Amino acid sequence: MRSRRSTLGLFRDAMLLSSAAWAASPLMAARRAKRSAALLVPLTGDRSGLGLSIANAARLAETDATALSVVDTGGSAAGAVRAARAAVKGGATMLIGPLSAEETRAVAAAVSVPVVALTNDAAARGGAAFVFGITPAQAASAILGYARSRGVRRVLAVDDGTPWARASVAAAKAAEADLGLTITVVQPVAGTLPAGLEADAAFVPGAAVALAPALKARGMQLLATMQGLDYRPDAAGALEGAWIASPDPERFATFATAYAARNGGKPGAIAALGNDAAMIARTLREADAMTREGVLREAGFDGVTGRVRFRSDGSCARDFAILVPTNGVYQKVAESRGA
C-alpha cells in the first residue's frame, strides 16, 4: 500500500480560525450538563494558530456544537486552569487538552473529570490526566519491536542532543532487556560518529537522520521514528530502505482531505490528535460513559493517529504503521500493535 505525496505535510500546523457555541435552550443546556466535553487550547498568544487548527480538526469529529465547547487557555498553566474550571462549571464532564505538560499537571490538580491531554510528555500523566500525545517511548518501542521481529539483535542508538532524540534513546535503553536487544548509545561529535562501530541496525530518531547515509554504508539497517520523517527528495534518498514508525499516512490522507474541504489549508499532526480526542469524547458521549472508566474501556479507540487503549496510570498503548521509503515513496509494510 503506497501513501500519496499529498500526505507529506503530516507534521505542519495550520493557522485557521474555529469557534464553538454553547447551546441556548434549557433543553440543550440540560443535555450538555449531562454529557459534554470542552477543548482547552490557546486561541490567543504565541500558539494561537496551532490551537485554532486543533479546534477546526476537533469539529470534524464532533459536529454537535452543543457537545463540544472550545475554551481559550492563553497558552499558560494559569489560563488552562481558568479554562478548565469554567468548562466544568458550564457542564463539561470531560476535557480535551491542554497542550503542554505544565498546563496538564495544573489542570489535573484543579478538576476531577477525565483530562485527555495533547502533550507528549509522559511525566504529565496521572490523577485525572491521560497523556494522548505521541511519545518518544511509544515510537521507539514500535520501531525497535519491529526490528527485533526481523532478526535485529544489536542496535546503535544515536543521541544527537535534541529533545526527541534524547528521550527516544533513553526509552530504547530502558527497554533494552524487554526487547531482547543490545543497545549501544553514541553521540555524534562535530556531526560525525567514531570509526569502528558495529551493529545490526542504527536507530536515528532525531536530526541524526543526516548521518543515515554513513551508517547505511557501514552495513546497518536504518531505524527511525515519525520525528525523523523529512519528505524532501534528498532526505527521502538518505532514508531509502529505512524502517520508520509513524502514524498511518493513508489514514491521515483521508483526514487531511476532509479538513481541507471544510477549512482550507493543511492540518498538522497535533491537529490530528485533536480530531482523535474529539472522536473519543463523542464515542463516550453517545455511550453515556464520559467517565474515567469510559476512557479506560478495554476496546480502546480508533482514529487518524492509530488505535489507542488507555491505561490506569494515565498512559496509552498506540498502534503505528511501519513505513519503508522506496524510490521516494513511503510504503506501509507492517503494523506495530500497542506500543
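Which residues line the second largest pocket? They are A122, R125, V131, T135, A137, Q138, S141, R311, D313, S315, C316 and A339. Before we walk through that pocket and a few other spots, here is how to read the values. This is a predicted model, in which local features need pLDDT of at least 70, side-chain atom pairs count only at pLDDT 80 or more, and totals for chains, interfaces and linings use all residues. Residues are numbered from 1 along each chain as its sequence is written, and side-chain values use heavy atoms, with hydrogens and water left out.

**The chain as a whole**

The chain holds 12 helices and 14 strands; these are DSSP runs numbered from the N terminus, with helices being H or I of at least four residues and strands E of at least two. Of its 339 residues, 55% are buried. Here, buried means under 20% relative accessible area, exposed means over 50%, and partly exposed lies in between, with a 1.4 Å probe and protein chains only. The accessible surface comes to about 13,900 Å², and carbon and sulfur atoms own 53% of that; the areas come from the Shrake-Rupley method with a 1.4 Å probe, and for residues only the protein chains shown count as cover. Among contacts in the chain with a separation of 6 or more, 63% are between residues 24 or more positions apart, a contact being heavy atoms within 4.5 Å.

**Back to the pocket**

The second largest pocket contains about 190 Å³ of space. On a 1 Å grid over the protein atoms alone, a pocket is an open set of points where a 1.4 Å probe fits, with protein on both sides within 12 Å along at least five of seven lines, and lining residues have an atom within 4 Å of a point. Grid points are joined across faces, edges and corners, and the volume is the space filled by probe spheres set on the points. Helix 5 (residues 136–149) gives the largest share of the lining, three residues. By type, the lining has five nonpolar, four polar and three charged residues, where Ala, Val, Leu, Ile, Met, Phe, Trp, Tyr, Cys and Pro count as nonpolar, Asp, Glu, Lys and Arg as charged, and the others, Gly among them, as polar.

S315 counts as buried because its relative accessibility is 14%. Its side chain makes a polar contact with the side chain of D313 at 2.6 Å. Such a contact is a pair of N or O atoms within 3.5 Å; within protein, one must be able to donate a hydrogen and the other to accept it, and residues adjacent in sequence count only if both atoms are side-chain atoms. Leaving aside residues up to four places away in sequence, S315 touches R125, R309 and F310.

| Residue pair | Separation in sequence | C-alpha to C-alpha |
|---|---|---|
| A110 and R85 | 25 residues | 7.4 Å |
| A140 and A167 | 27 residues | 9.3 Å |
| S53 and Y259 | 206 residues | 9.5 Å |

A110 belongs to helix 4 (residues 101–110) and is partly exposed, with a relative accessible area of 25%. Beyond residues up to four places away in sequence, A110 touches V81 and R85.

A140 sits in helix 5 and is buried, at 1% relative accessible area. Apart from residues up to four places away in sequence, A140 touches S168, F203 and T225.

S53 is part of helix 2 (residues 48–61) and counts as buried because its relative accessibility is 0%. A polar atom of the S53 side chain lies 2.8 Å from the backbone oxygen of L50.

**Two backbone details**

The peptide bond from G97 to P98 is cis, with omega near 5 degrees. P98 falls in the loop between strand 3 (94–96) and helix 4.

D288 has a positive phi of about 50 degrees although it is not a glycine. D288 is located in the loop between helix 11 (269–286) and helix 12 (292–295), and is exposed, with a relative accessible area of 55%.
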